[in-house]
Amino acid sequence: MPLAAAVEHPMLIALVAVLGLAYWMHTRGELLPALRRWGAVVALALLAVRMLETGKPLFAAVIAGAALFWWYAAKGRAVEATAEVEARALLGIAADADADAVHAAWRRGVAQAHPDAGGSSDAVQRLTAARDLLLARVSR
């Protein structure tokens with residue numbers, strides 16, 4: 001199909017855009033959390049619309065409220081999960097690392113990033129914040 005003919009089909013352009021967005025989110029590790037969050041919200045919203053069509057506005061309101069609650073609750077969990085993944089990547093440790101491994105990785109990172117060793121205080125602060133976040137997760 002020539003490019004000029006493809007431009008005339010807006011659904012094809014939308015499909016390419018959605019696939020590109022999905023690939024980009026997959027490379028950043030955000031695709032599955034987003035699908036979990038938005039899949040449930042869309043399903044609940046469609047169910048709420050169906051309840052309105054069948055003349056059950058009270059059920060529709062309850063389901064719409066559940067969709068909003070799910071969206072806000074899942075949004076917070078996705079942000080927390082992303083922060084934990086970034087902290088593990090910064091320290092260079094595995095997902096099943098214990099507190100001793102977190103401390104050891106932090107010590108190695110600070111030894112390399114310390115201003116006296118040619119690093120910066122900003123890098124040390126990021127390493128310390130990552131350590132604190134992961135230690136809070138391990139202690140739970």
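This short talk describes helices, a nonpolar core and salt bridges in one structure.

Good morning, colleagues. Please keep in mind that the model is predicted.

I begin with helix α2, which covers residues 10–28. Its 19 residues reach 27 Å from the first C-alpha to the last, close to the 27 Å expected at 1.5 Å a residue. After α2 comes Gly29, with a positive phi near 80°.

I turn now to the core. The largest nonpolar core contains 14 residues. Leu91, Ile93, Val102, Ala113, Leu127 and Leu134 have the most contacts inside it. Helices α4, α5 and α6 each supply at least two residues of this core, and α6 gives the most, with six. Beyond its neighbours within four places in sequence, Ala113 is in contact with Gly119, Ser120, Ala123, Val124 and Leu127.

Next, the salt bridges, of which the count is four. I shall present three of them.

In helix α3, residues 31–53, Arg50 and Glu53 lie three residues apart, about one turn of the helix. Their side chains meet at 3.5 Å, N to O. Arg50 is partly exposed at 47% relative accessible area, while Glu53 is exposed at 58%.

In helix α6, Asp122 and Arg126 are four residues apart, and their salt bridge is 2.7 Å, N to O. Asp122 is partly exposed, and Arg126 is partly exposed as well.

Is Arg88 buried or exposed? Its relative accessible area is 11%, so Arg88 counts as buried, the limit being under 20%. Glu84, at 21%, is partly exposed.

How values were computed: Residues numbered from 1 in each chain as written. Predicted model: local features only at pLDDT ≥ 70, side-chain atom pairs only at ≥ 80, totals over all residues. Heavy atoms only, no water. Expected span 1.5 Å × (residues − 1). Core = buried A, V, L, I, M, F, W, Y, C linked by side-chain atoms within 4.5 Å. Buried < 20%, exposed > 50% of the residue type's maximum accessible area, 1.4 Å probe, protein only. Contact = heavy atoms within 4.5 Å.
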